[in-house]
Amino acid sequence: MDHTNHTRLETINLDSSMLDGCTIYDPRDENVGSVSHVHGHGANMQVSVDVGTFLGMGGKTVVIPVSALDVMRDENGDVHATTTWTKEQIEALPEHTDM
């Protein structure tokens, strides 16, 4: 996916209604997972991301700081994010159980 023309969203404007369900892509543009929950506000915000699932089975939930994401809106108005972390790095994060 070409993200060049997508509108970057400022961290200050992000909230759970924008980020819930947001798909996260790694540097190779692989789908890493999707946001299942948002913790906190502003620059200290963190997102819970469901990773490693296949057809809703398996996988786990990890936490990523929003500062590690480049959140944007595409031509259709859909919000998604990219990160410099690889899919393997994200899947290697410890499982998040409760916050």
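**Terms and their grounds**

Guide: In this predicted model, Arg8 has a relative accessible area of 41% and is partly exposed.

Visitor: Why is Arg8 called partly exposed?

Guide: The value of 41% lies between the cut-offs of 20% and 50%, so the term partly exposed applies.

Visitor: What makes the contact of Asp70 and Arg8 a salt bridge?

Guide: The N to O distance between their side chains is 3.1 Å, and the criterion is within 4 Å, so the pair qualifies. Asp70 belongs to strand S6 (residues 69-73) and Arg8 to strand S1, 62 residues apart, and the pair thus links distant parts of the chain. Asp70, at 28% relative accessibility, is partly exposed.

Visitor: Why does Asp26 count as buried?

Guide: Its relative accessibility is 2%; buried means under 20%, so Asp26 meets the definition.

Visitor: Which residues are joined with Asp26 into one network?

Guide: Asp26 forms a salt bridge with Arg28 at 3.2 Å, N to O. Arg28 also meets Glu30 in a salt bridge, at 2.9 Å, N to O. Through salt bridges that share partners, Asp26, Arg28, Glu30 and Glu88 form one network.

Visitor: Why are strands S1 and S5 said to stand at the edges?

Guide: The open sheet of seven strands runs in the order S1-S6-S7-S2-S3-S4-S5. Strands S1 (7-8) and S5 (60-65) each have a single partner strand, so one side of each lacks a neighbour in the sheet.

Visitor: How do you know that S2 and S7 pair?

Guide: Three bridges connect them, in the parallel sense; at least two are required, so the strands pair. In one of these strands, S7, Thr82 is the bridge partner of Tyr25.

Key:
Residues are numbered from 1 along each chain as its sequence is written. This is a predicted model: local features need pLDDT of at least 70, side-chain atom pairs count only at pLDDT 80 or more; totals for chains, interfaces and linings use all residues. Side-chain values use heavy atoms; hydrogens and water are left out. Helices (H or I, at least four residues) and strands (E, at least two) are DSSP runs, numbered from the N terminus. Buried means under 20% relative accessible area, exposed over 50%, partly exposed in between (1.4 Å probe, protein chains only).
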